[in-house]
Amino acid sequence: MKVLKFGGSSVGNAENIGKVIEIVKKSIEKERCIVVLSAMSGTTDGLINIAKLAENHDESFRIKIKELENKHVAAARTLLGENSQDGVFDFIENRFNELRNICEGVFLLRELSPRTLDRVVSFGEILSTKIVSAKLNSLGVENVWIDARQLIRTDSNFVNANVDFETTNAKIKDFISSSNSKLFIVQGFIGSDSAGHTTTLGRGGSDYTGAIFAAALDADVLEIWTDVSGMMTADPRFVRNVREIPHITYREAMELSHFGAKVIYPPTIQPVMKKGIAVWVKNTFAPDDYGTLIESESKEQNDIIRGISSIDKICLLNLEGSGMIGIPGFSKRLFYSLSKAKINVILITQSSSEHSICVAVDEKSAELAKSVVDAEFEREIELGKIEPLRVETGLSILAIVGDNMKSHSGIAGKMFATLGHNGINIRAIAQGSSERNISAIVETKDVRKAINVLHEDFFSDGKKQINLFIAGVGTVGSRLLAQIKQQADYISENLNLNLNVVGLANSKGLHFEETGINLDDWKNAIQNSEKTNQIAETIIEKNLRNSIFVDVTANSELVEIYPTLLEKSISIVACNKVAASSNFKKYKQLKDLAREYNTNFLFETNVGAGLPIINTLNDLTSSGDKINRIEAVLSGTLQFVFNNYDGSRSFSEVVRQAQNEGYTEPDPRLDLSGTDVARKILILAREAGYKLEMEEIEKVSFLPESCLQGTVEDFYDEMSKHEAHFKAMLDEAKSKNLILKYIATFDNGKASVGLQSIDSTHNFANLSGKDNAVLFYTNRYSEQPLVVKGAGAGADVTAAGVFADIIRATRG
């Protein structure tokens, strides 16, 4: 014996009913079957609406009845043809006439009792089962149509009736055993009391009917046919790469369902659970899919976590006060007051100090809950022993569920660390004594991100999706995008990272695509960018997991959004030097925020483009070494200029070549004035642990003052006018067999930058092209410095340095 229950979507129209017929026909080839049907989709809600309209003396209820009748007649006509001899059309007409008579009475009395409402909503299942039964008969499939009200006996608690199992089980057994039929069609959701009045079984009533029949008949399996292929590891509306759960225990299924999984409703499977009858959730629209088999003990126990679920529209009730400590009875009174008001408690947590207790309830009960609890503790509130009940709304419960959790340590830690790393604040925590459920209350706006990061950590193939917002798509930014595209497969395969560029910003605006911008066509995409300067607001509003903001600009205004992003646990990778070289207070604020919110503020490319200079320095100080002195050539631009200026061409021509080849800042004066080098040595000094401001750095300029005035073109004109000045510097150095290098020095708290003439034995003498070099003199490297040397300018190496910081940021 097998029981098959089909939901409203499965019998929603004639086409879907045809699919149900095929499933039923295959099933009865093997064994006797009970088929339990819901009303056609939308019918129950439609009937409730009709009854409410009649109660409110709204004559449109008559139109709604006619529309519903037409829907059922149309389905029957499609399935059976115009000239059906089964009497089904007369049956439909008679039932709708009954419905009209009942609603006319409600209309006249302006009263809708629970008993009458149950009678009204029962028509949906009665009609759907009659149509399906008639279609089976027309195909030569003999079946018995059962009026569930004749077999399922309940009390008179209308709308949510309780089943009299002793009477019901006896009636079901007697009826089925007295028939030789292989197929029975019965309504879900409805029953009757001892007086014969129609009752309904409440939420999940049709599943409940299926479970009642399966348990009464000791069926082999209860199949619940719906519009999804079983239970999923998470809500597919939130997570794109969810997995089906082929096997699950009753315990796990009930935990997941309690916390929002909609496939089954826990109380409805109690009858089969008691008897150990398996429940198989299948998809009417994909009948060959395996679905989910729910059993007492699951055959597959590989995953530690079975699924992730959530409930929205939750409010947290906080009762606290020093008068609660050590005094018994407060919890009892709290729960009694809520129970008396018929408010269901979903989650409970209490501090070990006994100073407070908080419970989660449905948000719609918030006002009532505050009223009854404050009334219960009115005296204590007046005396100041406890505070008035505090109610927090806009919350959701997030739960991870799995029987195997109890035998694995660190699951809770992993859950909370994952949420914390993504800036998701946890308001309350609870864990069942069975250790198969860990629940946390978070803000509803964070639920989507929370489920995604948890699913990625517990269920993915090990790959972590990183969502990148990149500001600046000029020379370096465009090279960065090319490198991300080129390395995507390697990074996915070897680092288990999927880099998803979701946002691109330039001076014109911001372009955003949550599924990822096509890096083959990003230039066209950014042409359609939204004109906005609300970059931080957009990133925070999108609230995507594992977000990193990448600043490949020199924009000082953009730096102002850094604190806001860090406070939301959004990592920052900055090619932009402004933040780290601004006043020390701001620099320290950003570093502190990154630590406080467990995120990253990385700026390796601020010094030496892609060279690992800052990381090397950090490794030295982190391991206990002390930086005493730094000597450095830190400008790829100035290196290029003085390596190529030999007097055969003018100084301005060599500088213009450097700009054309991408070595300079947009305004080359930042390089040639020494400002950029000063910023870099400032950053290194700060990273070495010294408090230093830009004004404290001694800058010796080699440029005539007039070169620093006006526009960039004016700058080139002035350099041409002062060619003799530059030639004289070169000639003087040559006459002494010296070479020109622009060197930055930091020595025990003091820094300076300037053009120096050095001989051939100097550490920097053999630097060529655009090379940078840094010498670290430390307690450990006191005589022979630690040297970092290599190309210190150029779009490709700078982009590579930014790319490396992005990878570093993904590792937390």
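Okay, let's start at a helix contact: Ile613, Ile614, Leu617, Asn618 and Thr621 in H22 meet Ile683, Leu684 and Glu687 in H26. Sorted by class, that contact of H22 with H26 has 5 nonpolar, 2 polar and 1 charged residues. And just so we're clear, this is a predicted model.

Now the geometry. H22 covers residues 613–622 and H26 covers residues 675–687, and the two pack at an angle of about 20 degrees, with their axes 10 Å apart. Angles under 35 degrees count as roughly parallel, so that's what we call H22 relative to H26. As for handedness, H22 passes H26 in a right-handed crossing.

On to the sheet. We've got 6 strands in an open sheet, and the order goes S24-S26-S25-S23-S27-S28, with mixed pairing. At the edges stand S24, residues 698–700, and S28, residues 786–791; each has a single partner strand, so one side of each has no neighbour in the sheet. On average, neighbouring strands here are turned by 20 degrees against each other, ignoring direction.

Let me zoom in on one pair. S23, residues 627–633, and S25, residues 739–747, pair in the antiparallel sense over 4 bridges.

Terms used. Residues numbered from 1 in each chain as written. Predicted model: local features only at pLDDT ≥ 70, side-chain atom pairs only at ≥ 80, totals over all residues. Heavy atoms only, no water. Axes fitted to C-alpha atoms, helices over the stretch in contact; angles between N-to-C directions. Parallel < 35°, antiparallel > 145°, perpendicular 65-115°, else oblique. Left-handed = near helix turned anticlockwise from the far one by under 90°. Contact = heavy atoms within 4.5 Å. Nonpolar A, V, L, I, M, F, W, Y, C, P; charged D, E, K, R; others polar. Pairing = 2+ DSSP bridges.
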